[in-house]
Amino acid sequence: MTLLKVEDLHTHFISRDLDNQICIAKALNGVSFSLEAGRVLGIVGETGAGKSLTAQSIVGLLRPPAKIVAGSVRFEGRELTDMPDAELNRIRGNNIAMVVQNPRTSLDPLTRVGDQLVRLHQIHSGGPKTASHKRALEMMEAVGLPDPESRAKSWPHELSGGMAQRVLLAMALMNSPKLLIADEPTTGLDVTVQAQILDLLRSLVARFDMATLIITHDLGVVAHFCNDIAVMFGGSIVETGSVRDVFAAPAHPYTRDLIAATPERFQMGRAKALGGQPPDLYNLPSGCVLQSRCAYATELCQTTVRNAEVAEGHFALCHYAGRLEEQPAVKINA
Amino acid sequence: MTQPVLKIRNLSKRFPVGGGRVVHAVNCVDLSIMPGETLGMVGESGSGKSTLGRVILRLLEPSEGSIEFDGQDITQLPKGQIRRLRRDMQMVFQDPWSALNPRMRIRDLIAEPIKLHVDLSRSERDDRTEDLARRVNLGSTYLNRYPANLSGGQLQRACIARAIATDPKLIVLDEPTSSLDLSVRAGILELLAEIREETKAAMLFISHDLGTVRMISDRIAVLYLGEVVEQGQTEALFETPAHPYTQALLSAHLPADPAFKVSRLVLEGEVPSPIALPTGCKFHTRCPVAIARCAREVPQAIQVPSGQQAGCLRIPNGGNIIERKEDV
């Protein structure tokens with residue numbers, strides 16, 4: 001059975017402007033993907049593409065004005081979007097764990113790190129406190145924190161960024177989650193520390209058979225750490241597939257540009273019209289969200305796009321998916 | 001023989017942090033940059049990259065050592081004269097949002113350095129401002145806007161326009177692309193490469209992103225705990241890194257290509273505190289090939305066969321190469 005199935009998820013920011021008119025920012029527009037146990041999915045995209053919002057929508061951490069207006073999130077067959085908070089709280093931090101980008105602001109500054117881990121275990125698993133404490137030390141050891149006994153007594157401000165990220169990972173693992181969501185787990189860390197954390201995550205995924213969702217903007221992390229990739233743009237997943245397939249033959253123009261912009265492939269002086277404004281979420285164009293930035297866009301792109309399967313398990317949200325070569329690139333907005 | 005634009009000797013910068021303790025941010029650095037050359041400076045956070053960049057421009061006062069800019073020793077130059085020299089040395093900062101005065105229009109921001117350093121009439125200055133904006137591909141419609149109305153990439157273009165406004169001989173770029181999205185970043189790098197071709201300005205490119213540095217630099221210096229552990233031509237340094245730290249740093253870099261086999265050397269532990277620096281070689285506490293001598297002796301930079309200079313005691317007997325374990 002699929003562990004996590006997200007189907008046609010729409011999340012909007014609904015607010016009122018100065019004239020008291022309702023304005024809607026369509027931040028997620030029909031996001032669908034699924035994740036099996038033991039697989040690692042990487043979500044990439046630029047700022048504002050809806051990566052973090054997808055994660056927050058899944059675990060129900062949205063705060064007004066953000067709201068899920070349509071779609072479903074199924075975890076082990078249970079619908080999460082309309083689940084009461086009390087019930088959701090039994091799943092969050094227990095079967096679904098999340099690691100966020102900024103490790104230092106997500107630890108309670110007034111509680112010793114060991115006690116925070118124990119607290120989390122007590123809430124979900126109960127049992128004697130000594131057992132929770134033992135588990136905390138085990139998990140701190142598992143994430144490679146030296147001398148867990150004394151580390152458990154330290155305060156969050158005494159930890160370096162890499163160590164704080166390890167503590168958060170240990171916390172996420174406390175209740176043996178089935179799904180781990182990591183939102184930019186290594187952004188802001190140095191490359192050598194990033195390597196340590198990613199190695200650790202990889203071994204933990206294998207050891208505990210967790211499904212993992214990694215949100216990142218670093219294609220290097222995706223290329224070497226994930227099984228599958230989902231590329232987001234303007235609140236939609238524009239391309240999904242196995243990492244090998246997508247990197248070898250990107251089918252969506254946006255994915256192509258993104259991969260071409262990595263330092264390894266970037267050709268000085270041969271850059272196409274990369275970049276540009278993200279789409280206006282308050283006023284999305286009909287049809288493809290990329291049309292104003294896409295070198296291949298034609299009139300056809302103003303009509304609704306369907307996900308096209310370009311190879312087995314490799315989908316792209318583009319009218320010209322799989323036949324971009326036939327379509328001459330027209331330079332627009334030149 | 002041409003003279004280097006910038007030559008620093010034995011440069012150190014220390015910050016007192018109270019209680020008699022001192023942060024050793026930059027320690028005895030020797031570097032030089034030739035005209036038109038781009039020197040990439042890489043290192044982890046806390047390695048002193050940004051501090052070094054600022055000391056070079058005398059935005060911070062050096063604690064020790066000398067800075068020679070364009071043949072002139074500027075280490076002791078009084079503030080007033082430094083100010084005039086800044087026409088020839090400019091800086092681009094990491095965070096364009098905080099580098100620009102939010103209450104000034106983009107037009108005035110770009111015109112500001114011209115106003116300060118170049119004697120031009122008002123209309124000439126306006127023309128120059130518009131030329132500069134065009135040069136950095138910033139549409140003229142943006143000139144009358146305020147920084148808050150521009151995206152990060154556009155702001156960074158405005159910062160670059162400011163930096164090249166006075167035709168400087170040296171531009172220090174402190175992580176100019178690390179706060180930008182991948183697709184925007186490529187455009188900025190492209191622009192920098194073009195500007196380098198046109199103006200022949202020397203650049204000091206500070207970054208922790210190895211892919212970017214490799215692409216833009218002629219030469220690279222690797223910093224660890226405020227010391228240059230290795231420097232040399234970009235390709236030589238990337239192909240055959242000599243210092244164990246460089247080897248580990250480069251191997252931790254993940255190229256955005258799943259077909260690329262990485263064999264990583266994962267370092268144990270974390271960077272020691274710059275308040276209590278390790279004795280001897282600064283890297284010996286984390287170095288997988290360290291020997292007892294490394295804790296006592298400070299290594300001198302020596303030339304290796306592939307051309308770079310590296311400071312490691314184990315180079316002479318070939319013990320500096322870390323064995324790699326194959327990655328899955």
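Helix α1 of chain A, spanning residues 51–59, is mostly covered, with seven of its nine residues buried, where buried means under 20% relative accessible area, exposed over 50% and partly exposed in between, with a 1.4 Å probe and protein chains only. This is a predicted model, in which local features need pLDDT of at least 70 and side-chain atom pairs count only at pLDDT 80 or more, while totals for chains, interfaces and linings use all residues. Residues are numbered from 1 along each chain as its sequence is written, and side-chain values use heavy atoms, leaving out hydrogens and water.

The buried residues of α1(A) are A:K51, A:L53, A:T54, A:A55, A:S57, A:I58 and A:V59, and the helix is followed by A:G60, whose phi is positive, near 70°. Helices (H or I, at least four residues) and strands (E, at least two) are DSSP runs numbered from the N terminus.

Elsewhere in chain A, strand β2 (residues 22–35) contains A:I22, which counts as exposed because its relative accessibility is 53%.

Turning to the contact between the chains, with contact meaning heavy atoms within 4.5 Å, 38 residues come from chain A and 33 residues from chain B. The area buried between chain A and chain B is about 3,100 Å², of which carbon and sulfur atoms give 58%; buried area is the accessible area (1.4 Å probe) that two parts lose on being put together, summed over both. On the side of chain A that touches chain B, the elements that give two or more residues are α6 (161–173), α7 (191–208), α8 (219–225) and α9 (243–248) of chain A, and α7(A) gives the most, with eight residues.

Technical notes. Chains lettered and ligands numbered in written order.
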